[in-house]
Amino acid sequence: MKRRFFQYLKRRFSFFRYTIAILNLTTLFSVLGIILILLYVLGGTPYINLSNSSKLGLTDFERGIPIPVRIMSGYILDSSFYGQSAHGSWSYSGSTSMLSSQRAHWDSVRSDKDAHVDIITTEFRIWNGQSTTIVGKGDRPAYITDGQLLSGVLHVQTQRKGWRLLLLLPKLLYLSLFAFGAWQVARLLGDILSGAAFKNTNYRRIRNIGWGIIAWQLVLFTLSLAFKDWMAFINFYSTTPGYHSPVQLSVAYEYDLSFSWLTGGGVLLILAFAFKMGNQLQQEQDLTI
Amino acid sequence: MPIVINLDVMLAKRKMSLTELSEKVGITMANLSILKSGKAKAIRFSTLNEICKVLECQPGDLMEYLNEKEYKKLIG
C-alpha cells in the first residue's frame, strides 16, 4: 500500500513532468518575446498599459532598445557622463555634468554625424573607487574598496526599422535558439519519460541544438565583424584627444567568440553521437529474440 | 544475411502453429514473427534452447547458411 502510494506520487509529481512543463512555457514565452520584438521593429509598442503605473510586456523598450555593453578598460575614475548634441543626447544620471569645453568636445566625439541614433541613455552604476560603507551588521561593516564596472546596458532609440532590426538581431537570434532548444529538450525528456530515450529522432534533436549553438556563435561573430564600423559611434566613450575618457564602452556587437558556448555546443554534439550509438544498440536489442 | 531461418518448415513438420509455439516457449508472437521473417539480428541461446526443446530439433534444423549465390536465388 505504502509502496503504491509512493509510486503514485512519483508518477504524479515527476520531476521530468515539471521540467517539461517549464520548458514548454519557456518556448512559449520565447516565441512571444520574438513576436513582441518584431512588433517593435515594425514600429509597434511591445507592451500594453494595464493602468497608469503598470505595464505588461517588454517594458524595458520604453526607454529604447536595451543593448548590453562592456567596459573595455579597467577602473572607473570619473563618473561625469553627460552629452548633448543637435542629433540627440547622452546622459548619465546621478553625476556632475561636464564643463562646457568638455561638452563641446563631446559633440565632436561622434565619428559619424549621420548616425541614426536619436537618444542614448545609460543605466550604469559607477563607483568612484573610494571606500564606501555599505550596510553591515555589528562592528564590522563591509566596505567597497575596489569599485569596478564591467558591463551595463545602453538604451538606444531610433525610428529606422533597419537599425532597430540590426540592433535587435542578437536578441532575436538568442530567443530563437532558446525557443528551439527548450522545445527540443522538452520533447527529448518526454521520450525519456516514456522509455524511448534512444529513439531515432532524439540524437538528431541533440545534434541540432549543438549545431544551433555553434551556428549562433558564428553568426554573431560574423555580424560583429561586418557591422563593427557601423556601430563604432556607440563606442562614444573611446579615448579622444583633449578629453580624458575614463572608460571605453563597447556594444555587444563587438563580439568575441564565447569559448563556453562553443564548448557547450561541442559537448552536445558528442552527446548526440552517444545517443546515435545508443539508438543503434537499441535497434539491435529490439531485434534480438 | 545469408543465414536463413527454417522455423516455418520445422513448425510444419511438427504440425504446430506459431501461436502454440509462442505459448510453449514464452515468447511474444511479435518476436517470433521477427525471427520467422528473418528480420532478427540475433538470437539468445536461452531462446534457441527453448525452441529446440519444444520442437524437439537441433539448432541446425532451425537455421541454415547459404552461400551468396544460393541466397540471391532464394531472395529472387
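**A first look at the cores**

Modeller: Gladly! The largest nonpolar core has ten residues: Phe198(A), Tyr203(A), Ile206(A), Ile209(A), Ile213(A), Trp216(A), Leu220(A), Leu268(A), Ala272(A) and Phe275(A). Such a core is a set of buried Ala, Val, Leu, Ile, Met, Phe, Trp, Tyr and Cys residues joined through C-beta atoms within 7 Å. A residue is buried if 20 or more other C-beta atoms lie within 10 Å of its own, exposed if 12 or fewer, and partly exposed in between, with C-beta atoms placed from the backbone. This is a predicted model, in which local features need pLDDT of at least 70, side-chain atom pairs count only at pLDDT 80 or more, and totals for chains, interfaces and linings use all residues. Residues are numbered from 1 along each chain as its sequence is written, while chains are lettered from A and ligands numbered from 1 in the order in which they are written.

Biologist: Which element gives the most to this core?

Modeller: Two elements of chain A, α5 (200-226) and α6 (259-286), each give two or more residues to this core. Helices (H or I, at least four residues) and strands (E, at least two) are DSSP runs, numbered from the N terminus. With six residues, the element that gives the most is α5(A).

Biologist: Which residues does Ile206(A) touch, not counting those up to four places away in sequence?

Modeller: Two residues are in contact if their C-beta atoms, placed from the backbone, lie within 7 Å. By that rule, the partners of Ile206(A) are Leu268(A), Leu271(A), Ala272(A) and Phe275(A).

Biologist: Why is α4(A) called roughly antiparallel to α5(A)?

Modeller: Axes are lines fitted to C-alpha atoms, for helices over the stretch in contact, and angles run from 0 to 180 degrees between N-to-C directions. The axes of α4(A), residues 161-193, and α5(A) come within 10 Å. Angles under 35 degrees count as roughly parallel, over 145 as roughly antiparallel, 65 to 115 as roughly perpendicular and the rest as oblique. The two helices are roughly antiparallel because their axes cross at roughly 170 degrees.

Biologist: What is the mean pLDDT of chain A?

Modeller: pLDDT is the predictor's confidence in each residue, from 0 to 100. It stays under 50 over residues 109-149 of chain A, and is below 50 over residues 232-248 as well. In chain A, 56% of residues reach 70 or more, and the mean is 69.

Biologist: Is Asp61(B) exposed, partly exposed or buried, and what is its class?

Modeller: Asp61(B) sits in helix α5 (residues 59-62) of chain B. Apart from neighbours within four places in sequence, it is in contact with Asn6(B) and Met10(B). With 15 C-beta neighbours inside 10 Å, Asp61(B) is partly exposed.

Biologist: Where does Lys15(B) lie?

Modeller: Lys15(B) is not a glycine, yet it has a positive phi of about 50 degrees. It counts as exposed because it has 7 C-beta neighbours inside 10 Å. Its place is the loop between α1 (7-13) and α2 (18-25) of chain B.
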